[in-house]
Amino acid sequence: MKRIAILGATGSIGTQALEVAREHSSLVKIEVLTAANNAELLIKQALEFLPKTVVITEESKYQHVKEALSATTIEVLTGCNALNDVVKGASIDMVLTALVGFAGLEPTVSAIQAGKDVALANKETLVVAGEHIMSLANQYGTKILPVDSEHSAIFQCLSGESLASVEKIYLTASGGPFRGKDRSFLAHITKREALKHPNWIMGQKITIDSASLMNKGLEVIEAKWLFNLSIEQIEVIVHPQSIIHSLVQFNDGSLKAQLGLPDMKLPIQYALLHPGRPTNSFQRFDFMDYPQLSFEKPDLETFANLRLAYHAIQQGGNMPCILNAANEVAVAAFLSDEIGFLEMSAIIEETMTLIPFILSPSLVDYVCIDREARKIASDLVTKKKKVYQIEK
């Protein structure tokens with residue numbers, strides 16, 4: 001029985017993780033559930049899974065959650081600091097970090113320092129502070145198990161292999177809903193159009209990141225740290241069918257690929273129950289449904305975010321942290337109809353030029369850098385919002 005804390009239980013990854021837990025109730029015990037502000041779904045989940053503790057970080061909803069669970073023995077906590085404390089519980093074997101954005105960094109650090117294995121669905125943690133996180137994991141003897149489908153694929157392909165034998169890896173990308181479109185088309189797309197991913201069902205932030213190819217850029221940075229690779233060893237290839245989740249090419253020229261339907265429950269199960277592969281009732285892949293698999297090069301000029309992500313990790317230091325913070329602000333502004341699709345890249349790129357470069361930031365530095373980058377990006381949103389509203 002593996003005892004698990006799910007941070008971000010009401011989001012896309014969190015709810016699918018609970019589907020896995022239902023499927024394997026004899027193998028998984030949910031010890032902790034957390035949510036930012038979706039109190040009703042958190043209450044429903046808590047009453048079904050009866051964890052030891054729940055956390056609602058939005059303090060105004062604490063009393064409602066506490067009263068709804070008063071007939072149970074479930075401990076109810078609130079506030080962001082509670083996330084850092086709850087992952088240290090002695091009854092927890094693994095922490096699934098399914099929080100969105102920079103918010104996942106501190107709880108992940110706390111979990112590692114408490115000696116907990118981490119199933120990592122929050123790619124921003126490694127984007128912002130990958131070197132520190134992997135060093136901490138090594139120091140405390142904890143495992144970082146990737147949940148992203150692409151990184152799970154690489155992880156599975158490397159099973160039984162030596163990292164020294166890896167020549168390069170290929171991260172596959174669907175290309176998103178705007179694959180093949182030019183910048184004149186992208187200048188007029190709507191939020192509704194951008195949220196229609198052709199293959200995957202995900203949360204709003206990651207869906208927009210996928211449409212802009214920023215998600216793939218963040219995955220490049222994440223892969224560098226997870227698998228201790230140089231940036232030259234990581235290549236992105238567009239694969240519209242999303243059946244090959246990623247590939248590893250070895251020094252002898254041979255390739256290993258991991259294939260499957262675009263279903264996040266599969267990499268979630270692999271991370272939570274690793275190294276086992278218990279039988280499940282999930283849909284099976286049929287080759288006859290996909291008689292052709294195709295591949296293309298990504299368009300780095302049209303989709304500038306992927307180019308910016310490569311630039312950030314090539315520079316290193318605080319640049320990926322700046323990239324991530326500016327992107328979170330830009331995506332939120334796009335989702336609020338304050339700026340257009342192409343303005344996101346412009347805001348990110350300008351923010352990256354306005355903050356002094358730091359080669360070796362500390363974890364404390366990252367918090368300050370994130371805050372500064374968000375302020376600058378927010379100011380840029382305000383300027384571009386006026387122009388965007390006039391043009392609109």
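Colleague: In which strand is Thr53 found?

Modeller: The model is a predicted one. Within it, Thr53 belongs to a strand that covers residues 53-56. That element is strand 3.

Colleague: Is Thr53 buried or exposed?

Modeller: The relative accessibility of Thr53 is 5%. A residue counts as buried under 20%. Thr53 is therefore classed as buried.

Colleague: With which side chain does the side chain of Thr53 make a polar contact?

Modeller: Leaving aside neighbours within four places in sequence, the residues in contact with Thr53 include Val32, Leu33, Ile74 and Glu75. For one of these residues, a side-chain to side-chain polar contact with Thr53 is found at 3.1 Å. The partner is Glu75.

Colleague: Turning to the open sheet of four strands, which strands stand at its edges?

Modeller: The strand order in this open sheet is 9-8-10-11, and the pairing is mixed. Two strands have a single partner strand each, so one side of each is left without a neighbour in the sheet. These are strand 9 (234-238) and strand 11 (255-259).

Colleague: What is the bridge partner of Leu247 in strand 11?

Modeller: Strand 10, residues 244-250, pairs with strand 11 over five bridges in the antiparallel sense. In strand 11, the residue bridged to Leu247 is Ala257.

Colleague: What angle does the direction of helix 11 make with that of strand 8?

Modeller: Helix 11 (residues 214-226) packs on the sheet and touches both strand 8 (166-173) and strand 9. Its direction and that of strand 8 make an angle of about 155°.

Conventions
Residues are numbered from 1 along each chain as its sequence is written. This is a predicted model: local features need pLDDT of at least 70, side-chain atom pairs count only at pLDDT 80 or more; totals for chains, interfaces and linings use all residues. Side-chain values use heavy atoms; hydrogens and water are left out. Two strands pair if DSSP finds at least two bridges between them. Contact means heavy atoms within 4.5 Å. Axes are lines fitted to C-alpha atoms, for helices over the stretch in contact, and angles run from 0 to 180 degrees between N-to-C directions. Buried means under 20% relative accessible area, exposed over 50%, partly exposed in between (1.4 Å probe, protein chains only). A polar contact is a pair of N or O atoms within 3.5 Å; within protein, one must be able to donate a hydrogen and the other to accept it, and residues adjacent in sequence count only if both atoms are side-chain atoms.
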